[in-house]
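This report describes a protein chain with a ligand, working from the overall fold to single residues. Please keep the sequence and the three-dimensional view open while reading.

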Amino acid sequence: MVQRLVWQEQRSTRHTASMLTTAKVALVLTALLVPVAKFLGVMECDDDPQYTEDAQMKFPEHYREWVYLSTGFDMSYSTNGMAMDHHMFDNVFVNPEAYKAFVATGKWPDKTVMVLEARMAKGKGSINQKGNYQDEEIMGFEVHVRDDARFPGKWAFFGFDGGKTGKMVPATATCYSCHQDHGAVDTTFVQFYPTLLPIAKSKSTLAAKYMEEIGAPSGKQPL
Ligand code: HEC
């Protein structure tokens, strides 16, 4: 009887051990295969753009865990623009996968998502006497997304007014023409993203129109 119990125990330990091994193998396989599948585009990545059935984009809620590109302060695109009665910041973020691809190639891959977050500037507050800092309240979001299979022009803009979903900005809007005509790399404003501009220069991926705009000799990328 005792012997039988011992045997049963051994059996069940061995059984548990083999279950554990199977679980470990499964874990290792998942750890190995998921990145490969993502790389091959077989599996959807968590940061890939998501849409609703009525063609709105779902807001990428974890964008604050993405890669920070830059902050524009009171940027204005016309010389005779109306003076604002307040100051503003805009912070730009991009999904980590796209960032890594840009660092390697100087180009944006399919499924790049860029988020522009606008915040009001504050002056005096706490110990601050001069200069500006960002308000905790967000004024709005704009998203620039590359999705080759979905948009004829590859890229599209979406506006979000604090909601979880946002509508696509019509392709006739000036967003598209300004970004197309003046963006340094593939309709994005890499000339204002200080960690990316040197990469675009070294990989020679600056847009021809942009090179013309800055007076670079044609066919030559500025160093
Ligand atoms: C007259 C030119 C101009 C127009 C029009 C314009 N933008 Fe931009 N956009 C810029 C510039 C310049 C930046 C860089 C901002 C910075 O450096 O902080 C930018 C950056 C962005 C970014 C960050 C990602 C990127 O592409 O570099 C988004 C998102 C964006 N704009 C959305 C929009 C949307 C949506 C509209 C239309 C409603 C729009 N823009 C219209 C000039 C423009």
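The model is a predicted one, in which local features need a pLDDT of at least 70 and side-chain atom pairs count only at pLDDT 80 or more, while totals for chains, interfaces and linings use all residues. Residues are numbered from 1 along each chain as its sequence is written.

**Overall fold**

The secondary structure of the chain comes to 5 helices and 7 strands, and from the N terminus on these elements run α-β-β-β-α-β-β-β-β-α-α-α. Helices (H or I, at least four residues) and strands (E, at least two) are taken as DSSP runs, numbered from the N terminus. Of the 223 residues in the chain, 21% are buried, where buried stands for 20 or more other C-beta atoms within 10 Å of the residue's own, exposed for 12 or fewer, and partly exposed for what lies in between, with C-beta atoms placed from the backbone. Among the contacts with a separation of 6 or more, 49% join residues 24 or more positions apart; two residues are in contact if their C-beta atoms, placed from the backbone, lie within 7 Å.

**The sheet**

The 7 strands form an open sheet in the order β1-β7-β6-β5-β4-β3-β2, with antiparallel pairing. Its edge strands are β1 (57-58) and β2, each of which pairs on one side only. Two strands count as paired if DSSP finds at least two bridges between them. The table lists three of these pairings with bridge partners from each.

| Strand pair | Sense and bridges | Bridge partners |
|---|---|---|
| β4 and β5 | antiparallel, 9 bridges | Lys122 and Tyr133; Met114 and His144 |
| β5 and β6 | antiparallel, 6 bridges | Phe141 and Phe160 |

**The nonpolar core**

The largest nonpolar core has 31 residues, and those with the most contacts inside it are Val94 and Val143. Such a core is a set of buried Ala, Val, Leu, Ile, Met, Phe, Trp, Tyr and Cys residues joined through C-beta atoms within 7 Å. At least two residues of this core come from each of β3, α2, β4, β5 and β6, and the largest share, 5 residues, is supplied by β6. Leaving aside residues up to four places away in sequence, Val94 touches Trp66, Val67, Leu69, Tyr99, Thr112, Val113 and Met114.

**Asn95 and helix α2**

Asn95 lies in the loop between β3 and α2. Asn95 counts as buried because 26 other C-beta atoms lie within 10 Å. Although Asn95 and Trp66 are 29 residues apart along the chain, their C-alpha atoms are separated by 5.2 Å. Not counting residues up to four places away in sequence, the contacts of Asn95 are Asp47, Trp66, Thr112 and Val113.

In the helix α2, the residues Glu97, Ala98, Tyr99 and Phe102 are buried, and the buried residues of α2 pack against β2, β3, β4 and α4 (197-202). An α-helix has 3.6 residues a turn, so residues three or four places apart point the same way. Val103 also belongs to α2, which spans residues 96-105, but with 13 C-beta neighbours inside 10 Å Val103 counts as partly exposed. Val103 and Ala200 are 97 residues apart in sequence, yet 8.5 Å apart in space, C-alpha to C-alpha. The helix α2 is followed by Gly106, which has a positive phi near 80°.

**Around the ligand**

Which residues are the closest to the ligand? There are 22 residues around the ligand, and the closest are Gly72, Cys175, Cys178, Phe189 and Phe192; a residue is included if its C-beta atom, placed from the backbone, lies within 6 Å of the molecule. The elements that give two or more residues to this shell are β2 (67-73), β3 (88-94), β4 (113-122), β5 (133-146), β6 (155-160) and α3 (174-182), and α3 gives the most, with 4 residues. By residue type, the shell divides into 13 nonpolar, 7 polar and 2 charged residues. In this division Ala, Val, Leu, Ile, Met, Phe, Trp, Tyr, Cys and Pro count as nonpolar, Asp, Glu, Lys and Arg as charged, and the others, Gly among them, as polar.
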